[in-house]
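Student: I'd like a close look at one part of this model, with the strands walked through one by one. Could you take me through it?

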Amino acid sequence: MMTAMKMRILLLIACVALIRPSASISLRAQGRGRGPAQGVQPIQQVKPGLYMVAGAGANSLVRVTNAGVILMDTKLPGDQNYNDLVGQIKTVTDQPVKFVIVTHHHADHTGNTGKFIEAGAQVLGHENLKRNLETYQNNPLPAQPNLTYPGSEYVVKLGGVEVQVHHFGRSHTSGDSIVYYPDLKVVALSDALTTGTTGPLIDYAGVSGGGSALEWKQVLNRVLALDFDAAIPGNGPVLTKADVQAFKMKFDTVMDRAAALVRSGVPKDQLLMQLKTDDIGWAPRIPNVDAFYNELSGITAGKAYKFEKVADGVFYATAAGSMVTGSNNVAVVGDRDVLVVDTGTSPAAARAFVEDLKLVTQKPVRFVVNTHFHYDHTDGNQVYAGKADIIAHDYVKYAIEKLDVLHREPYQTSQLTNVPARIDTLKKRIADETNAQQKMALERQLAVAQQGWEELKEIKPTPPNVTYSKKKVVDLGGREVQLLFLGRGHTNGDTVVYLPKEKIVCTGDLMESQIAYMGDAQFDEWVKTLEALKKMDWETDLPGHGAPFKDKALITAFQGYLTDLMKQGAELRGQGRTAEQTAQQVDLTKYQTSFPQIQGSGADVRGVRRLYQWMDEKARK
Ligand SMILES: [Zn+2]
Ligand SMILES: [Zn+2]
């Protein structure tokens with residue numbers, strides 16, 4: 001028992017170590033391990049008119065018609081493999097290869113695409129296969145097919161024979177084709193089906209996030225809905241429908257176990273080791289554990305943003321770290337349209353968001369909501385102008401049009417002062433850093449900061465084109481979104497975005513999971529507005545900064561912070577302290593348990609200056 005367990009772990013470690021460096025290396029290594037060592041194997045009949053050629057990469061299928069051959073997959077690159085494959089085909093037919101289907105971009109399937117095109121064949125692959133080849137690391141790089149299909153199906157007809165090419169979704173890669181021979185009741189799953197002790201490999205490299213554990217389950221469902229009695233895996237012998245059913249059972253079991261581990265909080269580097277597979281007979285091969293972990297935890301990682309699925313069609317978007325993005329955004333997907341909450345800190349951030357959003361939905365962004373006027377929520381507006389309605393409270397339009405937002409707080413300090421200061425600090429730290437790895441990390445941060453600074457130059461403050469004063473309802477097709485003004489607080493025009501059915505609120509900076517900026521605050525009204533927020537029927541708050549939270553006690557704690565700051569501010573001012581002195585002397589450390597970023601006494605000086613101004617305004621009334 002003990003030894004079996006140990007052995008399994010050792011095997012897993014060996015497997016992970018082997019495939020870690022990069023997917024392409026591992027895939028080639030695997031190709032070598034099973035394929036070229038044995039070379040092209042003798043052709044064997046699967047059914048009358050359909051033959052299989054194993055070896056030298058993946059299984060190839062030969063469908064003979066009286067008008068030419070329809071071939072599936074072209075083996076690892078090389079003259080010998082090509083000649084041997086063509087030679088084997090010649091033993092069963094004189095017909096030339098007219099049509100070739102390549103099932104995904106890996107070289108053990110596409111290696112001789114170029115040679116078949118030269119010989120006059122049409123070679124078909126999914127649109128995503130073509131895009132995956134553009135970034136595929138392999139030498140030699142397989143040639144592009146000369147025919148691609150978008151969407152989910154392509155039907156090949158030759159000599160009275162029909163072959164259906166299906167893209168049922170992402171599985172082994174994002175460009176997989178399943179090939180179905182309806183008259184023969186045979187389906188070829190390529191590497192979406194493995195045999196023996198070889199586990200399924202999820203190649204997360206490539207477009208649309210690459211392969212997918214979750215979509216793979218659906219792909220197998222769609223395959224099993226077909227009428228077939230023989231199934232061809234990428235490598236190994238011809239299988240039955242029962243074999244595919246058994247594989248699906250095991251696949252689902254392993255992925256459900258992995259998802260349960262992720263949910264239980266198992267750290268990323270422990271995930272594969274803790275995954276029980278000894279009763280399955282194989283372990284999944286995961287070259288990119290980060291991507292696997294993200295997928296199972298409902299996170300889709302784009303270039304600039306990560307999307308966390310909060311409910312069906314509701315995504316919380318946070319920075320991936322490669323660029324300066326500003327606030328956290330929310331995407332709400334209806335049957336027809338997408339609504340986006342906040343636009344980030346620059347047009348570049350908004351463009352990156354729109355690009356990354358395609359990973360989770362293909363529907364168009366028709367509505368954008370600004371939760372308030374601050375730069376980190378609105379400076380991407382210009383990217384959406386003319387393409388989507390930009391909706392906000394009346395005050396947001398007023399503020400962006402009248403307040404000269406690029407020459408006042410919070411932009412003044414947060415961007416114009418702090419960014420150059422941060423760049424200088426990073427440069428000094430890089431000069432002083434002796435550890436090469438630390439130095440590289442700092443250089444990356446510097447590059448992101450410098451790029452972020454450049455991206456500010458493009459900003460043209462763009463007000464909303466649709467405004468409201470109390471409440472506005474937006475219909476996305478089958479999904480209602482309410483925009484609510486509950487009262488003044490963080491600014492004079494904060495919107496709460498409410499999804500009544502899903503019981504979700506997006507609160508911008510009216511309520512963050514950390515201490516919000518207070519430079520435009522209406523302190524006493526803010527406490528009241530938060531009370532109204534607490535009274536609403538919701539279960540999840542998606543804030544403008546920080547992380548989603550469910551516990552309304554966090555709001556109570558923030559109300560306490562505000563009330564305490566008003567009280568201590570009034571007292572210290574009464575003792576003759578300036579705003580700057582008060583900002584140093586207030587003690588709000590008792591809220592540290594709720595807001596861990598409170599590191600000691602003091603508060604943001606811009607908030608305290610605003611507190612003094614606010615006290616003057618109150619006194620004048
Ligand atoms: Zn493959
Ligand atoms: Zn903000």
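Student: In what order do the 5 strands of the open sheet come, and what is the pairing?

Tutor: Keep in mind that this is a predicted model. The open sheet runs in the order E21-E22-E23-E24-E25, and its pairing is mixed. At the edges you find strand E21 (471–475) and strand E25 (540–543); each has a single partner strand, so one side of each is left without a neighbour in the sheet. From one strand to the next, the twist averages 20°.

Now zoom in on one pair inside that sheet. Strand E23 (residues 496–499) and strand E24 (residues 504–508) run antiparallel and are joined by 3 bridges. If you want a residue pair to click on, tyrosine 498 has valine 505 in E24 as its bridge partner.

For another pairing sense, look at strand E18 (residues 365–369). Here 4 of the 5 residues are buried, so to speak mostly covered. E18 pairs with strand E17 (residues 338–341) in the parallel sense, over 4 bridges, and valine 338 has valine 365 in E18 as its bridge partner. To get from E17 to E18, the chain passes through helix H11 (residues 347–357), and this β-α-β crossover is right-handed. E18 also runs parallel to strand E19 (residues 389–393), with 3 bridges joining the two. There, valine 369 stands opposite isoleucine 391 in E19. While you're looking at side chains: in a regular strand they alternate between the two faces of the sheet.

Terms used:
Residues numbered from 1 in each chain as written. Chains lettered and ligands numbered in written order. Predicted model: local features only at pLDDT ≥ 70, side-chain atom pairs only at ≥ 80, totals over all residues. Pairing = 2+ DSSP bridges. Axes fitted to C-alpha atoms, helices over the stretch in contact; angles between N-to-C directions. Buried ≥ 20, exposed ≤ 12 C-beta atoms within 10 Å, placed from the backbone. Right-handed = clockwise from strand over helix to strand, strands pointing away.
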